[in-house]
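User: I would like to go through the terms used for this model one by one, with the criterion behind each. Please start with the strands.

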Amino acid sequence: GNSVTQMEGPVTLSEEAFLTINCTYTATGYPSLFWYVQYPGEGLQLLLKATKADDKGSNKGFEATYRKETTSFHLEKGSVQVSDSAVYFCALRGAGRRALTFGSGTRLQVQP
Amino acid sequence: DGGITQSPKYLFRKEGQNVTLSCEQNLNHDAMYWYRQDPGQGLRLIYYSQIVNDFQKGDIAEGYSVSREKKESFPLTVTSAQKNPTAFYLCASSPSQQGAWTEAFFGQGTRLTVV
């Protein structure tokens, strides 16, 4: 079946540091890949997505590239801000699958 | 503004009582979903519906029930058969593009506490 594995958190960084959150997946065929962000006490917001191999999703300074050869979709940002502190979820939608499969989430804490 | 509305935001119930969580969307999406989130864990799929009057069990459907009588509404009932119902519940919906579903849009969640 489909599965998503994320690096465990929390990830603690200083403001303006470089961010990488690793995400790898297992799926048959060619899934669509997503990153969501969750702020405390709220629902999930779509951050970015990629629907085919080598696609790069980007939004608000965050980027992730769909790597079919390594089955990965790592999230990166060049310079984090305190306001980026949140939980980040990697997710996939497999071919013919009607719902998203989520990773366990990675908490990011950015210190001023 | 279009979106997904979950109510209430916080819900307290006594053990052994059934409780219904509301989810309404005005995005004209065909598909709707219910997920459960426990502390430090990812989201687990409870039920989903692709069309009115049809729904499918997800990975953890035991102790839950749903209905889809209208396109806009997908209420979730947490029954007394659910052994550990205290959790954060998230409702979501997806548009259909040429028969395929893409990203999901989420409501703000309902935090259910059973005492």
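Analyst: Strands are DSSP runs of E with at least two residues, numbered from the N terminus, and two strands pair if DSSP finds at least two bridges between them. This is a predicted model, in which local features need pLDDT of at least 70 and side-chain atom pairs count only at pLDDT 80 or more, while totals for chains, interfaces and linings use all residues. Residues are numbered from 1 along each chain, chains are lettered from A in the order written, and side-chain values use heavy atoms without hydrogens or water.

User: What makes β5(A) and β6(A) a pair?

Analyst: DSSP must find at least two bridges; β5(A) and β6(A) have six, in the antiparallel sense. In one of them A:W35 is the partner of A:L48. Five residues lie between the strands of this hairpin, where A:G41 takes a positive phi near 75 degrees.

User: Why is strand β5 of chain A called mostly covered?

Analyst: Buried means under 20% relative accessible area (1.4 Å probe, protein chains only), and seven of the seven residues in β5(A) are buried. A:S32, A:F34, A:Y36 and A:Q38 point one way, A:L33, A:W35 and A:V37 the other.

User: How do you know that A:K49 and B:E103 form a salt bridge?

Analyst: The rule asks for a side-chain nitrogen of Lys or Arg within 4 Å of a carboxyl oxygen of Asp or Glu. The N to O distance for A:K49 and B:E103 is 2.8 Å, so the pair qualifies. The rule finds one salt bridge across the interface of chain A and chain B. β5, β6 and β10 of chain A each supply at least two residues of the side that touches chain B.

Conventions
Buried < 20%, exposed > 50% of the residue type's maximum accessible area, 1.4 Å probe, protein only. Helix = DSSP H or I, 4+ residues; strand = E, 2+ residues; numbered from the N terminus.
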